[in-house]
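Hello,

Here is the structure we talked about. Please load it and read the notes below alongside.

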Amino acid sequence: NITVTNTGSYAATGIGASLPSGWVGVSVNASDCASLAPAASCNLAFSTTNPYVGSNAVAIQGNNTNAINATLGFSVSGYTVYAINGPNQVQVVSEEKAARIWSTLMAAGAPSSTDGSSNTNAIIAADAVSSTAALSCRSMGASWYLPALCQWSGGCGLPSLQTNAVDPGLISHSQSVWSSTELDVPRAWTYFPIPGGGGSGATSNPTTKTDLLPFRCVAELPW
């Protein structure tokens, strides 16, 4: 649901939502927002037959009000959808996880900037004892892994968390997070996602593997 509050001095009428054109399976019940007194709130209730990548361009407007844009996302099994991988398959991202190390200072053989799943397998195989970010992701289930650098930043022909989750305002971070991409024996790549601009302000940084940093996990799930 999206909660709408009338901050004006007059009753607002006929409040509804205009959806992105590709969201053909989404419907909105605006019956609670037919008339809204000043300082009152109402709920626009959304339902869908299909998941979609979220958007911050859901226009909310009444018959006698200005339009504002709101953010609306979709979830499968309680996790935010950031890509549609095919019929009945979506890519999802977890909540932010508490800080962990990438690994101890050893070569893990996880250099891929695009394949977080294979990186995660390599990190766990090389350092199965330590409480690593990769192991935490895999403990969520066999399909879960620590995303590779390009799966965060984009620019590699892959759906990215930056474009499809950070920029629309579905997730946010106040500091760098781990990727699963290894740089060399002592360091791996982190990513600091900055909202808006397709990651134009975001940064990728080589970081010592034993630093404690937050992270997120991703997986492909059926729906």
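**What turned up**

Four strands make an open sheet in the order β9-β10-β11-β17, paired antiparallel. β9 (75–76) and β17 (218–222) are the edges; each has a single partner strand, so one side of each has no neighbour in the sheet. Bear in mind that this is a predicted model.

Inside the sheet, β10 (residues 79–86) and β11 (residues 89–93) pair antiparallel over five bridges. A83 sits opposite Q91 in β11.

**Disulfides**

The count is three. Counting bonded cysteines along the chain, the pattern is 1-2, 3-6, 4-5.

- C33 and C42: sulfur atoms 2.0 Å apart. The S-S torsion is about 105°, so this disulfide is right-handed. C33 is buried at 0% relative accessible area, and C42 is buried at 2%.
- C137 and C217: S to S 2.1 Å. The link is left-handed, with -85° about the S-S bond. It ties distant parts of the chain, 80 residues apart: C137 is in helix α2 (residues 133–138), C217 in the loop between β16 (213–215) and β17. Both C137 and C217 are buried.
- C150 and C156: sulfur atoms 1.8 Å apart. C150 is buried at 8%, whereas C156 is partly exposed at 32% relative accessibility.

**T181**

T181 belongs to strand β13 (residues 177–182). T181 is buried, with 3% relative accessible area. A polar atom of the T181 side chain lies 2.8 Å from the backbone oxygen of S112. The backbone nitrogen of L149 is 2.9 Å from a polar atom of that side chain. Beyond its neighbours within four places in sequence, T181 contacts several residues, including W102, N119 and W189.

Best wishes

Methods
Residues numbered from 1 in each chain as written. Predicted model: local features only at pLDDT ≥ 70, side-chain atom pairs only at ≥ 80, totals over all residues. Heavy atoms only, no water. Pairing = 2+ DSSP bridges. Helix = DSSP H or I, 4+ residues; strand = E, 2+ residues; numbered from the N terminus. Buried < 20%, exposed > 50% of the residue type's maximum accessible area, 1.4 Å probe, protein only. Polar contact = N/O pair within 3.5 Å; in protein donor to acceptor, adjacent residues only side chain to side chain. Contact = heavy atoms within 4.5 Å. Disulfide = S-S within 2.5 Å.
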